[in-house]
Amino acid sequence: MKEVLRKCFGKEKEERFHAIAMLIISFLFISIVVIVVRINDEQSLEKVPENSLSPTASNIPNIIDELEENIDDTVDLEAEINYSYLYTFTLDQTQEVITGKRFDEKEIFTVVSSNGNQEYVKFNGNYLEKKEGKYHLVDELSPNIMYSNLDLLFEVLEEMIPDVSINQYTYMIPTLELLKAYYKDSTFTAPNTYNSVVITRNNQTIEKIQLDYSNFYSFLQGRSVYYVIEMEFNKVGTTEDFMIHLD
């Protein structure tokens, strides 16, 4: 052993033995460094809190449940659903606006379009149009009203995971899922396209929902169209009750 050490590191060391010894030492040093780095990385991963990992269904807040609570009752279990709203529908170069308020299962709203203003109420699931001071049952309404149904929208979003950025929640909805929601008996074969829904909250209360249904509506129309809906809410939980005079 002493003879080997002398040949490797002694005053009269042989270059061949010295080179082999240095190579072995370098290899051992690199191996030790690699082992230490791996141990540190494993310890770091063990210390990462669960809520800092990539978004999953378990660590993204259920925004749909929260929004339904905002629009429904947030304190009193017997409180009525109430809010005021302004919906703007843009189809290519034309716009239609629906403004109104909801209290429990009744709504009163006005449709504003290029054809003028028309007042409606929704009562017990029926739509009534106001003409000459009286309300009459109607079967045909603006097609935009269908896409303002929050219950259907929330059903679609309930199982989806949004992309979260501060107070905005962005969902990408397949066209097929919208067909299933709005046209339950449809047998369409939908294209592999998506539609965005952006929900904005302010002070934990729903403030705005922006829907870009261009791909979905283009499929229905059989041509390329631009169709965007902006839904703004205020007086959520504080909109006062109102009377509907049907006589």
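Q: What makes the largest nonpolar core a core, and which residues have the most contacts inside it?
A: A nonpolar core is a set of buried Ala, Val, Leu, Ile, Met, Phe, Trp, Tyr and Cys residues joined through side-chain atoms within 4.5 Å, and buried means under 20% relative accessible area, with exposed over 50% and partly exposed in between (1.4 Å probe, protein chains only). The largest such set here has 39 residues, with Tyr87, Leu150, Val197, Ile209, Tyr213 and Phe233 having the most contacts inside it. Helix 4 (residues 150-157) gives the largest share, six residues. Apart from this core lies another, of six residues, including Val121, Leu128, Phe242 and Ile244.

A quick note on sources: this is a predicted model, where local features need pLDDT of at least 70, side-chain atom pairs count only at pLDDT 80 or more, and totals for chains, interfaces and linings use all residues. Residues are numbered from 1 along each chain as its sequence is written, and side-chain values use heavy atoms, leaving out hydrogens and water.

Q: Why is helix 4 called largely enclosed?
A: Six of its eight residues are buried, so helix 4 is largely enclosed by the rest of the structure. The buried ones are Leu150, Leu152, Leu153, Phe154, Val156 and Leu157.

Q: What makes Asn149 a cap for helix 4?
A: A side-chain oxygen of Asn149 lies 3.0 Å from the backbone nitrogen of Asp151, at the N-terminal end of the helix. A polar contact is a pair of N or O atoms within 3.5 Å; within protein, one must be able to donate a hydrogen and the other to accept it, and residues adjacent in sequence count only if both atoms are side-chain atoms.

Q: Which residues does Val197 touch?
A: With contact meaning heavy atoms within 4.5 Å, Val197 touches Leu153, Leu157, Tyr169, Thr170, Tyr171, Ile173, Ile209, Gln210, Leu211 and Tyr213, not counting residues up to four places away in sequence.

Q: How do you know that strand 8 and strand 9 pair?
A: Two strands pair if DSSP finds at least two bridges between them. Strand 8 (residues 168-174) and strand 9 (residues 194-202) are joined by seven, running antiparallel.

Q: How many helices and strands does the chain have?
A: Six helices and 11 strands, counting DSSP runs numbered from the N terminus (helices: H or I, at least four residues; strands: E, at least two).
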